[in-house]
Amino acid sequence: MGKVIAIANQKGGVGKTTTAINLAASLAVLEKKVLIIDADPQANTTSGLNFSPDNDEKRTLYEVMIGQIDIRDALIQTEIAKLHMIPSHMNLVAFELEMVDEAEREFALKKALDEIKDEYDFVIIDCSPSLGLITINTLTAADSVIIPVQPEFFALEGLGKLLQTIKLVQGGVNPELTIEGFIVTMFDGRTKVHNQVVGELKEHFKDMVFDTIIQRNIRLSEAPSYGKPIILYDVICNGTTNYLNLAREVLERNNGEN
């Protein structure tokens with residue numbers, strides 16, 4: 001049975017898309033069959049995996065979620081053999097407006113994904129940096145959530161709204177939803193505040209914080225402009241090592257489930 005993991009944080013610039021792309025790619029390189037879904041109208045995951053959102057805008061997540069096409073018709077093979085993608089497009093913004101009065105609108109993604117998720121070991125969903133209906137759909141469809149956290153104090157303060165949203169989803173449409181863990185991104189060990197924030201995060205959330213820390217790495221920021229996950233762009237850099245370690249931690253936490 002495929003494990004569906006949403007990568008979520010309503011705060012932008014915390015490494016959410018970077019984590020979605022590179023965790024999915026690393027799991028695929030570790031011989032897991034993976035589907036990555038771009039659930040963000042900005043479509044950064046789509047372009048970050050070398051596909052233009054405008055290539056075929058009639059076969060994206062938007063058309064899947066409104067029931068216009070079958071989810072299989074939106075699947076794209078990436079450069080990594082075991083990694084498939086469902087792309088996004090700016091049209092996805094219209095979903096919230098069009099579905100506002102529809103019954104069970106929170107279940108649109110789940111209903112579509114239920115058809116194929118068991119064909120994969122993991123489904124990774126890159127969420128929109130908001131807490132609107134699209135993100136509610138991803139949390140309804142997900143088994144768990146990974147929360148990227150930039151080691152800045154304002155980033156910690158912003159976690160409250162996301163955790164409250166997760167709790168509301170747990171209390172309503174998806175009682176089985178869990179927090180897979182918090183992952184620290186863009187970490188610079190030379191910075192005192194970064195070390196302080198990581199310490200506070202671990203003190204408060206304890207073993208919910210992944211041991212792996214994603215270090216600040218220029219190669220990670222360069223890779224999306226070439227349409228590649230870091231493991232294909234620079235196999236020996238710290239970014240590759242960090243995300244492979246994160247993938248191994250995810251596999252350890254899900255030992256026996258896949």
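Two strands count as paired if DSSP finds at least two bridges between them. With that in hand, here are some close-up views of this predicted model.

**View 1. Strands β6 and β7 side by side in the sheet.** Strand β6, residues 144-149, pairs with β7 in the parallel sense, over 6 bridges. Look for Val149: its bridge partner in β7 is Val184.

**View 2. The open sheet as a whole.** Here 8 strands run in the order β3-β4-β2-β5-β1-β6-β7-β8, with mixed pairing. At the edges are β3 (76-77) and β8, each of which pairs on one side only. As a reminder, strands of a sheet pair through backbone hydrogen bonds, either parallel or antiparallel.

**View 3. The largest pocket and its lining.** This pocket holds about 530 Å³ of space. Two or more lining residues come from each of α1 (16-29), α2 (44-48), β7 (178-187), β8 (209-215) and α10 (218-222). Helix α1 gives the largest share, 5 residues. In total 31 residues line the pocket, and those nearest its centre are Gly15, Lys16, Thr17, Thr18 and Met186.

**View 4. Lys33 over the ring of Tyr120.** The charged end of Lys33 sits over this ring, 5.2 Å from the ring's centre.

**View 5. Arg253 over the face of Phe210.** Arg253 lies 4.0 Å from the centre of the Phe210 ring.

Methods: Residues are numbered from 1 along each chain as its sequence is written. This is a predicted model: local features need pLDDT of at least 70, side-chain atom pairs count only at pLDDT 80 or more; totals for chains, interfaces and linings use all residues. Side-chain values use heavy atoms; hydrogens and water are left out. A charge sits over a ring if NZ of Lys or CZ of Arg is within 6 Å of the ring centre and within 35 degrees of the ring normal. On a 1 Å grid over the protein atoms alone, a cavity is a set of points where a 1.4 Å probe fits but cannot get out, and a pocket is an open set with protein on both sides within 12 Å along at least five of seven lines; lining residues have an atom within 4 Å of a point. Grid points are joined across faces, edges and corners, and a volume is the space filled by probe spheres set on the points. Helices (H or I, at least four residues) and strands (E, at least two) are DSSP runs, numbered from the N terminus.
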